[in-house]
Amino acid sequence: MLTPMLASLLPLLLLFRISFCQYSSDQCSWKGSGLTHEGHTRDVEQVYLRCSQGSLQWLYPTGAIIVNLRPNTVSPATSRLSVCIKPSLESSGTNIYLDRNGKLRLLLLEQDQAKGKVHCFGIQEGALFIEAVPHMDISRRITAFQYELVSDRHKAGPHSLSAPCQPCNDAEVLLAVCTNDFVARGSIRNVDQEEEHSSVTVEISRLYRQKTQVFVTGGVRVRSWTGRVKMPLHCRVRSGEGEFLFTGAVRFGEAWMGCAPRYKDFLQLYHEAQQQGTNPCQVDTN
């Protein structure tokens, strides 16, 4: 028979055991528990994540952890990458800082994480320093977010530091056609102004590539697709006549517009590059 003291401690002991058993870490995601650090709250654990995307979940945070986000390959382009994180709507229990050579800069307060907004920063700006906020009851606190490593031009969301509204130069257009998550020819049917971004409804007549189901077909016998693509409000996009080449990135399940030249301008650019042998890839424009 359990003594009253053991009976009162049993839920916490079981919670500790479950949390410890659930601890996991691979190169893309990390899941751990602050209870495994109990009694050592001054220790700072180093976490290394080496994927283009993944997630972190820290149950019952105590003390602090440093999260180092890097791609799994090293190249000169690495320094131009950005990190975007999207906190869970239930994320709480910590403040998140950028740590560069021991100097901390606040990125997200605890109360701001539950808004679930995307925040981006340059990969050279440092690692994430995640520090637990003292609470009497930590059993209800879980810090969780998704992350993605992205090129500077395709940071996700209206708070991006880049300017996706600016027209792409010729080299950027040609590279986007070869590397972006979606490439399609079509027209703008409608633009809805939402709180922090514009939602652009597009109709696609030619689908070159899509990484995920951004555009859906109208049926077996209908050779057209429709979908919604987001843009920052300050881009002031409007619906209208004419065909465009839509390219862009899918970030945290949402499609964001990248380069979008008029299709006739893209054709001229592509054919000129084809004659000069400077195309980074081949596209069927027939």
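1. A disulfide here is a pair of cysteine sulfur atoms within 2.5 Å. Cys168 and Cys259 meet that cut-off, with an S to S distance of 2.0 Å. The model is predicted, and every value below is computed from it.

2. The link of Cys168 and Cys259 is left-handed, with -95° about the S-S bond. The pair ties together distant parts of the chain, 91 residues apart. Cys168 sits in the loop between β11 (142-151) and α3. Cys259 sits in the loop between β17 (254-257) and α4. Buried means under 20% relative accessible area. Cys168, at 18%, is therefore buried. Cys259, at 2%, is buried as well.

3. In total, a search of the whole structure finds 4 disulfides. One of them joins Cys178 to Cys281, with the sulfur atoms 1.9 Å apart. The torsion about the S-S bond is -90°, and the link is left-handed. Cys178 belongs to helix α3, while Cys281 lies in the segment after α4. The two cysteines are 103 residues apart, in distant parts of the chain. Partly exposed covers the range between the buried limit of 20% and the exposed limit of 50%. Cys178 has a relative accessible area of 23%, so Cys178 is partly exposed. Cys281 has 22% relative accessibility and so falls in the partly exposed class.

4. Another disulfide joins Cys84 to Cys120, S to S 2.1 Å. The torsion about the S-S bond of this pair is about 105°, so the disulfide is right-handed. Cys84 is in strand β6 (residues 81-87) and Cys120 is in strand β9 (residues 119-122). These are distant parts of the chain, 36 residues apart. Cys84 has 0% relative accessibility and therefore counts as buried. Cys120 has 11% and therefore also counts as buried.

5. Next, the second largest pocket. The volume of this pocket is about 450 Å³. The lining has 23 residues, and the closest to the pocket centre are Cys165, Pro167, Cys259, Ala260 and Pro261.

6. Helix α4 gives the most, with 3 residues. By class, the lining has 17 nonpolar, 2 polar and 4 charged residues. Helix α3 also holds Cys178 of the link to Cys281.

7. Now the sheet. 5 strands form an open sheet in the order β3-β5-β10-β7-β8, with mixed pairing. β3 (44-49) and β8 (103-108) stand at the edges. Each edge strand has a single partner, so one side of each is left without a neighbour in the sheet. The twist averages 30° from one strand to the next.

8. Strand β5 (residues 64-69) and strand β10 (residues 127-132) pair in the antiparallel sense. The pairing runs over 4 bridges. Val67 stands opposite Leu128 in β10. Strands of a sheet pair through backbone hydrogen bonds, either parallel or antiparallel.

Definitions and conventions: Residues numbered from 1 in each chain as written. Predicted model: local features only at pLDDT ≥ 70, side-chain atom pairs only at ≥ 80, totals over all residues. Heavy atoms only, no water. 1 Å grid on protein atoms, 1.4 Å probe; cavity = no way out; pocket = protein on both sides within 12 Å on 5 of 7 lines; lining within 4 Å. Points joined across faces, edges and corners; volume = space filled by probe spheres on them. Nonpolar A, V, L, I, M, F, W, Y, C, P; charged D, E, K, R; others polar. Pairing = 2+ DSSP bridges. Axes fitted to C-alpha atoms, helices over the stretch in contact; angles between N-to-C directions. Buried < 20%, exposed > 50% of the residue type's maximum accessible area, 1.4 Å probe, protein only.
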